[in-house]
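Visitor: I would like to learn how to read a structure one feature at a time. Could you give me the general idea of each feature, and then the case here?

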Amino acid sequence: MNKRELSERDICTKFITPALEKAGWDLATQIREEFSLTKGRVVVRGQLHTRAQSKRADYVLFYKPNIPIAVIEAKDNTHSVTDGIQQGLEYANLLGVPFAFSSNGDGFLFHNKIAPDNIIERELSLDEFPSPETLWSMWTAHKGISKEQESLITQDYFSDGSNRTPHYYQALAINITIEAIARGQNRILLVMATGTGKTFTAFQIIWRLWKSKTKKRILFLADRNILVDQTMTNDFKPFGSAMTKIQKRQANKSYEIYLSLYQAVTGNEEERNIYKQFSPTFFDLVIIDECHRGSAAEDSAWRQILEYFSSATQIGLTATPKETKDVSNSDYFGDPLYTYSLRQGIEDGFLAPYKVVRIDIDKDLTGWRPDKGKIDKHGNEIEDRIYNQKDFDKKLVLEKRTELVARKISEFLKQTNRFDKTIVFCDNIDHAERMRQALINENADLSAQNSKYVMRITGDNEEGKIELDNFIFPESKYPVIATTSKLMTTGVDAQTCKLIVLDQRIQSITEFKQIIGRGTRINEDYNKFFFTIMDFKKATELFADPDFDGDPVVVYRPKNEDSPVPPDVVPESDVSQQPPVSGETTVTDSYFSENPIIRRYVVSDVDVSVAAERVQYFDADGKLITESLKDFTRKTLNKEFSSLDEFLSRWNSSEKKQAILEELANEGIFFEALAEEIGKDLDPFDIVCHIAWDAPPLTRKERAENVRKRNYFTKYGEQARKVLDALLNKYSDEGVVHIEETQILTITPFSDFGTPFEIIRAFGGLEKYQQAIVELEQALYCA
């Protein structure tokens with residue numbers, strides 16, 4: 001056996017795995033081969049998508065299931081033993097483990113970043129690979145972990161037997177939290193982007209603390225009924241009879257796991273603060289979901305509960321930690337123990353990327369001033385001043401503006417899919433109701449078929465709230481479009497939502513992140529890989545905020561600063577005692593306070609129009625493309641290929657053109673969008689050559705006809721000529737990618753020529769058929 005002729009997989013099977021087993025590693029529970037870390041970023045091209053390459057470690061070694069300790073990167077024997085170490089270190093950093101190895105089958109390079117003798121890298125023979133206990137003892141000694149702490153840190157995860165394992169970032173958050181609690185830390189903040197599984201992460205933390213008897217009574221607090229109910233039904237279900245929901249203001253002390261709305265245990269009157277029926281030491285663990293809402297403010301109801309149970313370990317969960325001059329998560333919890341951002345989630349392929357459609361309306365840009373003495377729809381004289389975007393739908397309603405927004409939303413859905421789940425965020429409940437009516441009128445055909453095609457789902461409307469579960473449930477067809485203001489900004493697990501419409505003036509980066517989070521979940525079963533943000537009120541300008549999606553936002557404002565800080569928005573609640581939302585059920589503007597009967601002016605006879613409409617694209621790194629799509633494509637291609645000759649050489653030498661097209665798509669080349677701009681009937685080959693090197697493009701039909709003119713088919717038999725002619729027609733209609741796959745022989749017109757086996761036999765076998773396809777492509781792309 002010549003080791004240098006073996007594949008990388010052979011090296012693993014014949015040399016690396018036996019060395020691990022000899023060192024005492026259990027193949028069933030401690031060794032995971034070809035372990036997927038990420039899923040590969042979703043790259044969007046028009047209405048199509050592909051995935052960039054995922055990150056996958058050759059080996060991840062676990063001390064116990066879900067407690068990783070080392071990574072091994074393997075190479076075949078033509079590489080040196082050290083060649084895989086940098087890749088191994090990248091994966092080790094992702095997993096948060098201290099040990100990385102590389103191997104080519106001759107031995108190992110061991111990278112130990114916690115080496116006490118400061119010799120970080122050393123080579124080992126195959127027989128010298130360290131045992132699990134050796135690596136674990138090195139790690140615990142470095143961390144200073146006692147035997148008592150170790151028993152908690154190694155407590156088993158919950159497993160339902162389905163082999164479901166946490167994603168790498170979830171396991172890291174869980175393990176870091178358990179270790180911190182084992183060390184005695186009692187205030188912990190976890191920041192995880194919406195859609196990354198905060199409640200599953202919380203469940204595993206609670207399960208391990210509960211099963212180890214470190215924590216015996218646990219309180220899980222949220223501020224929406226749907227958050228509590230979803231949690232009990234889904235992630236927390238394994239707690240079974242040990243779990244209860246606090247409701248009807250009754251405190252039953254016979255359970256171990258308690259879930260509650262904070263509104264259900266607090267109130268303005270002392271007798272409504274039923275949390276005080278529990279002793280201050282009753283709970284030894286309190287988890288606060290969406291802790292950016294309420295618990296951050298020193299005078300909030302949540303804060304009162306946290307301070308009452310101050311002896312308990314308290315964990316705050318949020319996607320958007322709030323830091324303003326008045327409200328702070330980090331003041332209470334300390335700096336985040338772990339952060340997994342929206343940007344990282346999109347980069348890893350666990351969260352959906354987005355396109356942005358910005359639509360600016362003329363009156364929003366220029367403002368509107370009424371004629372002197374102008375009367376509104378209800379007979380009220382309109383105050384003479386200039387009204388602009390911040391007034392619309394709050395102090396003044398332009399009905400034709402609402403109709404225009406509804407029309408643009410409907411146009412988008414009609415051009416994509418009218419049954420794509422859509423959330424329309426409005427400024428207030430009245431605005432949401434008017435938008436519901438306008439959308440029904442724009443979609444009269446579908447609304448007539450089912451009255452739930454469009455529904456208003458707001459905190460004051462029971463019929464709408466009842467339908468919230470149906471909107472969330474992927475299998476439920478209706479409702480399709482939900483208009484809302486605040487109720488659906490957080491905690492709504494709408495996995496199949498593909499369109500988010502912003503007709504709401506948003507000034508808070510926290511609220512903006514929460515709203516964007518409604519679309520970031522991926523659901524492959526329902527073909528949800530990306531979503532679109534349609535913005536009518538410039539909310540997406542917050543993308544330019546340097547703190548968007550980065551570390552927690554911190555705002556520093558001098559006390560004498562003239563510009564006011566926007567007030568924190570109080571979310572709508574699904575409980576009756578929640579105070580009213582400003583601008584929805586009360587009016588605070590001074591003019592309207594003097595005229596309490598008038599809530600807002602309604603004007604029906606002012607025309608509005610679209611001033612500007614554009615689609616914004618994001619590159620493969622998730623950065624907004626600020627130049628034209630052509631310029632961006634030209635720069636990208638020139639980075640990839642130094643000249644036209646280099647591109648032609650790569651193109652002609654590639655057995656499958658699809659491989660090159662996928663590689664370019666991963667670099668952010670939007671072929672479908674470029675075809676819309678340059679010509680839908682052009683081959684991607686011509687689009688590339690034309691944009692990057694100004695070559696005159698040919699249509700696919702012209703290329704096919706050029707092949708026919710050269711009498712290319714004469715060397716083949718009659719049946720093979722018919723097949724090649726049909727392949728040329730397919731190329732003319734659909735492009736080169738489709739003719740490269742043998743599956744095309746199963747569809748018409750090829751099925752008329754015989755079975756795929758009979759067709760391939762007409763060419764003299766599979767190898768000769770594939771050679772014919774290569775030659776056909778050479779003929780298509782010859783100079």
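Predicted model: local features only at pLDDT ≥ 70, side-chain atom pairs only at ≥ 80, totals over all residues.

Visitor: Which strands pair with β14?

Guide: Two strands pair if DSSP finds at least two bridges between them. Strand β9 (residues 187-192) pairs with β14 in the parallel sense over 5 bridges, and Leu-190 has Leu-317 as its bridge partner. Strand β13 (residues 285-288) also pairs with β14 in the parallel sense, over 4 bridges. There, Val-286 has Gln-314 as its bridge partner, and Ile-288 stands opposite Gly-316.

Visitor: Which way do the residues of β13 point?

Guide: Leu-285 and Ile-287 point one way from β13, Val-286 and Ile-288 point the other way, and all are buried. Strand β13 also runs parallel to β10 (residues 218-222), joined by 4 bridges. In that pairing, Leu-221 stands opposite Ile-288.

Visitor: What is the strand order in the open sheet of 6 strands?

Guide: The order is β1-β4-β5-β6-β7-β8, and the pairing is mixed. Its edge strands, β1 (31-36) and β8 (121-125), each pair on one side only. From one strand to the next, the twist averages 30 degrees. Angles run from 0 to 180 degrees between N-to-C directions, and axes are lines fitted to C-alpha atoms, for helices over the stretch in contact. Helix α1 packs on this sheet, touching β1, β4 (56-64), β5 (67-74), β6 and β7, and its direction makes about 15 degrees with that of β4. Contact means heavy atoms within 4.5 Å.

Visitor: Where does Phe-15 lie?

Guide: Phe-15 lies in helix α1 (residues 8-22). Its relative accessible area is 17%, so Phe-15 is buried. Beyond its neighbours within four places in sequence, Phe-15 is in contact with Met-1, Lys-3, Leu-6, Asp-10, Gly-105 and Leu-126. Phe-15 and Leu-126 are 111 residues apart along the chain, yet 7.8 Å separates their C-alpha atoms.

Visitor: Which charged ends sit over the rings of Phe-15 and Phe-419?

Guide: A charge sits over a ring if NZ of Lys or CZ of Arg is within 6 Å of the ring centre and within 35 degrees of the ring normal. The charged end of Lys-3 sits over Phe-15, 4.1 Å from the ring centre. For Phe-419, the charged end is that of Lys-477, 4.5 Å from the ring centre.

Visitor: How many aromatic pairs are there?

Guide: Rings of Phe, Tyr and Trp (its six-membered ring) pair if their centres lie within 6.5 Å; planes under 30 degrees apart count as stacked, over 60 as edge-to-face and the rest as tilted. This rule gives 50 aromatic pairs. In one of them, the ring centres of Phe-99 and Phe-110 are 6.0 Å apart and their planes lie at 50 degrees, so the pair is tilted. Phe-99 belongs to strand β6 (residues 99-103) and Phe-110 to strand β7 (residues 107-112), 11 residues apart. Phe-99 is buried at 0% relative accessible area, and Phe-110 is buried at 7%. Strands β6 and β7 run antiparallel, joined by 5 bridges, with Asn-112 as the bridge partner of Phe-99. Elsewhere, one aromatic cluster is formed by Tyr-255, Tyr-258, Tyr-275, Phe-278, Phe-282, Phe-283, Tyr-308 and Phe-309.

Methods
Residues numbered from 1 in each chain as written. Heavy atoms only, no water. Helix = DSSP H or I, 4+ residues; strand = E, 2+ residues; numbered from the N terminus. Buried < 20%, exposed > 50% of the residue type's maximum accessible area, 1.4 Å probe, protein only.
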